[in-house]
Amino acid sequence: MASPSICLLAALLALVAWQAIASDPSPLQDFCVADMHSPVLVNGFTCLDPKYVNADHFFKAAMLDTPRKTNKVGSNVTLINVMQIPGLNTLGISIARIDYAPLGQNPPHTHPRATEILTVLEGTLYVGFVTSNPNNTLFSKVLNKGDVFVFPQGLIHFQFNPNPHQPAVAIAALNSQNPGAITIANAVFGSKPPISDIVLAKAFQVEKGTIDWLQAQFWENNHY
């Protein structure tokens with residue numbers, strides 16, 4: 001019979017191996033600029049031949065210091081990811097400027113592939129995230145200029161500008177070249193084709209007519 005120490009060592013090795021498999025691999029070269037025109041389908045993008053790479057593949061005149069026009073929910077998310085800077089491919093990072101109108105919000109949403117760290121540049125924001133089932137605990141905070149808050153990967157989170165007179169601005173960094181965004185209301189009530197109103201009425205415990213009204217609204221995207 002194997003000794004307890006050998007069993008413990010085997011368990012630790014299995015745990016380490018599992019973690020290694022579960023993590024994203026480290027880059028195996030200096031960079032892998034995305035070849036947007038390659039017909040090869042991979043998880044991400046194939047590498048452009050390094051002899052064709054230049055500084056512009058790592059650059060974008062994004063004008064993130066310029067205010068953006070907000071939409072009807074009162075926000076505008078300007079995301080800079082691998083689609084805008086091909087040099088971000090395999091580097092696991094992106095950035096966004098978020099503009100908030102007075103009383104505007106970045107409505108409840110998730111990033112399926114990234115954790116987000118947000119810094120307030122101007123104004124005040126009420127922010128928060130909700131943990132997974134069964135607790136669904138809300139962690140929230142009022143942030144002022146210079147404050148920082150973290151939203152864990154995959155959890156529903158939001159930002160709201162409580163000031164009725166002044167806009168707010170934040171910068172967010174995300175640990176994915178393509179973090180993705182799922183706005184909860186848009187996904188649930190604005191899916192194409194629509195989710196059955198019978199399903200949603202049962203899920204939200206409301207009348208079917210309420211769901212029909214919500215599905216008839218125009219669910220505008222605030223990510224540009």
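A disulfide is a pair of cysteine sulfur atoms within 2.5 Å. This is a predicted model: local features need pLDDT of at least 70, side-chain atom pairs count only at pLDDT 80 or more, and totals for chains, interfaces and linings use all residues. Residues are numbered from 1 along each chain as its sequence is written, and side-chain values use heavy atoms, with hydrogens and water left out.

**Exercise 1. Find the disulfide and describe its setting.**

Step 1. Count. The structure holds one disulfide.

Step 2. Name the partners. They are Cys32 and Cys47, with sulfur atoms 1.9 Å apart.

Step 3. Get the hand. The S-S torsion of Cys32 and Cys47 is about -105°, so the disulfide is left-handed.

Step 4. Cys32 and Cys47 each lie in the loop between helix H1 (4-22) and S1, 15 residues apart. Helices (H or I, at least four residues) and strands (E, at least two) are DSSP runs, numbered from the N terminus.

Step 5. Buried means under 20% relative accessible area, exposed over 50%, and partly exposed in between (1.4 Å probe, protein chains only). Cys32 counts as buried because its relative accessibility is 5%. Cys47, at 38%, is partly exposed.

**Exercise 2. Work out the sheet that holds S1 and S2.**

Step 1. Apply the pairing rule. Two strands pair if DSSP finds at least two bridges between them.

Step 2. Read the order. Five strands make an open, antiparallel sheet: S1-S2-S9-S4-S7.

Step 3. Find the edges. S1 and S7 each have a single partner strand, so one side of each lacks a neighbour in the sheet.

Step 4. From one strand to the next it averages 20°. Axes here are lines fitted to C-alpha atoms, for helices over the stretch in contact, and angles run from 0 to 180 degrees between N-to-C directions.

Step 5. Zoom in on one pair. S1 and S2 are antiparallel and share six bridges. Val77 faces Ile98 in S2.

**Exercise 3. Classify the aromatic pair Tyr126 and Phe158.**

Step 1. Set the rule. Rings of Phe, Tyr and Trp (its six-membered ring) pair if their centres lie within 6.5 Å; planes under 30 degrees apart count as stacked, over 60 as edge-to-face and the rest as tilted.

Step 2. Count. The structure holds seven aromatic pairs.

Step 3. Classify. Tyr126 and Phe158 are 5.4 Å apart, centre to centre, with 55° between the planes; the pair is tilted.

Step 4. Locate. Tyr126 is in strand S5 (residues 125-130) and Phe158 in strand S8, 32 residues apart.

Step 5. Tyr126 is partly exposed at 29%. Phe158 is buried at 16%.

**Exercise 4. Describe the largest nonpolar core.**

Step 1. Define it. A nonpolar core is a set of buried Ala, Val, Leu, Ile, Met, Phe, Trp, Tyr and Cys residues joined through side-chain atoms within 4.5 Å.

Step 2. Of its 19 residues, Tyr100, Leu118 and Leu125 touch the most other members.

Step 3. Find the top supplier. S9 gives the most, with four residues.

Step 4. Look for another. A second, separate core has six residues, including Ala34 and Ile80.
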